[in-house]
Amino acid sequence: HSCKPSIAQIVAALELEPLEGEGGYFHRTYQSEAVYDVDGNGTLRSASTAIYYLITEDTFSALHRLASDEIFHFYYGDAVQMLQIYENGTHRLLQIGSDILNGERFQASVLKGVWQATKLKS
């Protein structure tokens, strides 16, 4: 089937739900049973998780930071721009998508505590 699916079809097929506070749509596909204490204060987190995440023309990933490292994988759709802001005030703008000959990459990593935001590139 070569027709591009609609956003509604993608949301339904991948069982995505709105991601409150951050924006976009997501579905957790994996959560490790192994846990660790994030900062030695008794706050337990899964050692690893994986999600599907979708940004549309009407959504974006708001500026936020996480308590663990994160890796984004690009699978399908329009390219996105990700802003990362480091503690020392420096920043970088990443292009995540399939046009690898023009600087886009299939994946990007975000270190724990780094501020990040993502939007469609177009």
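Visitor: How much of the chain counts as buried?
Guide: Of its 122 residues, 30% count as buried. Buried means under 20% relative accessible area, exposed over 50%, and partly exposed in between, with a 1.4 Å probe and protein chains only. This is a predicted model: local features need pLDDT of at least 70, side-chain atom pairs count only at pLDDT 80 or more, and totals for chains, interfaces and linings use all residues. Residues are numbered from 1 along each chain as its sequence is written, and side-chain values use heavy atoms, leaving out hydrogens and water.

Visitor: How many helices and strands are there?
Guide: The chain has 1 helix and 11 strands. These are DSSP runs numbered from the N terminus: helices are H or I with at least four residues, strands E with at least two. Along the sequence, the pattern reads α-β-β-β-β-β-β-β-β-β-β-β.

Visitor: What size box do the C-alpha atoms fill?
Guide: Roughly 50 × 35 × 25 Å, along the principal axes.

Visitor: New topic. Where is Tyr76?
Guide: Tyr76 sits in the loop between strand E7 (70–73) and strand E8 (80–85).

Visitor: Is Tyr76 buried or partly exposed?
Guide: Partly exposed, with a relative accessible area of 49%.

Visitor: And which contacts join residues at least 24 apart?
Guide: Among contacts between residues at least 6 apart in sequence, 55% do. Contact means heavy atoms within 4.5 Å.
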